[in-house]
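Student: Could we go through this chain together, starting with the overall picture and then the helices?
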Amino acid sequence: MTTLTLNEAAGFLRQGDDFLILTHGRPDGDTVGSASALCRLLRGLGKQAFLLPNEDLTPRLGFFCQDLLAPDSFVPGAVVAVDVATRELLCKNAAPFAERVDLCIDHHPSNTGYAKNTLLEAGCAATGELIWLLGETLEYSPAPLFCDAIYTAISTDTGCFCYSNTTPQTHRIAALCMENGADFSRLNRQFFETKSWKRIQVENHVFQNIRLSAQGKIAAVCLTKEALDRLEATKDELDNLSALPRQIEGVCCSILLSQVGPGRFKGSVRTDAPVDASRLCARFGGGGHARAAGCTLEGEGEDCLSRLVKAAQEELGYV
């Protein structure tokens with residue numbers, strides 16, 4: 001792996017062409033916003049660029065990609081992954097390209113260096129910040145759709161600028177997006193205010209089944225397939241549920257397990273100091289950021305939840 005500076009990464013993009021851009025499975029606002037913004041940036045520079053279709057993409061974010069998806073006949077000259085820390089996180093149909101990623105643009109400190117070249121800045125609140133900075137370096141004139149995508153990438157990865165990863169640079173770039181035509185009011189309402197009735201029911205189920213431990217510092221809940229089927233919730237309605245238990249006063253570690261297959265659970269952890277979410281999830285082969293991370297556990301739901309809660313208790317000195 002070669003670690004690139006911002007200028008070197010910009011040079012790579014300036015010299016290349018026929019770009020295929022990859023996103024991660026269970027796509028969020030940062031990977032989709034960053035990918036679509038990068039695609040529009042490259043097209044604005046006269047390059048041919050497409051996004052690899054992501055089978056997990058839902059309508060909530062899919063509108064960013066409608067005119068950017070690669071046709072089946074497209075043969076890439078360069079492959080770029082955005083906001084993807086490891087090969088294993090790539091969307092499933094990216095498997096043919098997993099060993100030939102030419103450039104990874106990312107902000108996760110847990111990035112494994114799987115790409116030939118990596119632009120990594122863990123100090124950025126979102127990969128979207130790096131895409132904006134690349135645009136500035138390449139002297140790209142930001143169009144409104146580009147700004148919408150960057151604003152979404154940044155705002156969703158910072159909880160609408162509430163999380164501790166938010167920096168002055170985050171606000172500066174968001175302001176520049178607003179100055180250049182981002183429809184921020186619509187985006188804020190869409191991603192932070194509007195909820196479907198099913199989403200309200202899902203949240204109600206989460207709050208009814210939370211378990212507190214460590215004198216109220218840890219809040220944990222498990223969503224089994226049976227519960228998910230009963231709620232009939234879509235992927236959009238299950239997004240970012242792990243942030244809910246952290247709303248409880250006194251909670252500094254929020255744990256949400258959701259069943260993704262027989263005997264297989266996805267863990268999502270959100271924390272405040274002194275719990276390091278990335279270190280906690282690393283115990284189970286996962287990773288992420290200090291305040292938001294994930295992992296996968298095998299076994300029965302109750303056992304998986306108990307193991308993750310016990311590890312969190314150890315991080316807090318309760319075991």
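This is a predicted model: local features need pLDDT of at least 70, side-chain atom pairs count only at pLDDT 80 or more; totals for chains, interfaces and linings use all residues.

Student: What does the secondary structure of the chain come to?
Tutor: The chain has eleven helices and twelve strands, taken as DSSP runs (helices H or I, at least four residues; strands E, at least two) and numbered from the N terminus.

Student: And what share of the residues is buried?
Tutor: Of the 319 residues, 53% count as buried, that is, under 20% relative accessible area with a 1.4 Å probe, protein chains only.

Student: How many residues of α2 are buried?
Tutor: In α2, 14 of the 16 residues are buried, so this helix is largely enclosed by the rest of the structure. Helix α2 covers residues 29–44 and reaches 22 Å from its first C-alpha to its last, close to the 22 Å expected at 1.5 Å a residue (1.5 Å times one less than its number of residues).

Student: What follows α2?
Tutor: Gly46 follows α2, with a positive phi near 90 degrees.

Student: Switching topic, at what angle do α4 and α5 pack?
Tutor: Helix α4 (residues 127–137) and helix α5 (residues 144–157) pack at about 145 degrees, with axes 7 Å apart; axes are lines fitted to C-alpha atoms over the stretch in contact, and angles run from 0 to 180 degrees between N-to-C directions.

Student: Which residues make the contact?
Tutor: Gly128, Glu129, Ile131 and Trp132 of α4 meet Phe146, Cys147, Ile150, Ala153 and Ile154 of α5, contact meaning heavy atoms within 4.5 Å.

How values were computed:
Residues are numbered from 1 along each chain as its sequence is written. Side-chain values use heavy atoms; hydrogens and water are left out. Buried means under 20% relative accessible area, exposed over 50%, partly exposed in between (1.4 Å probe, protein chains only).
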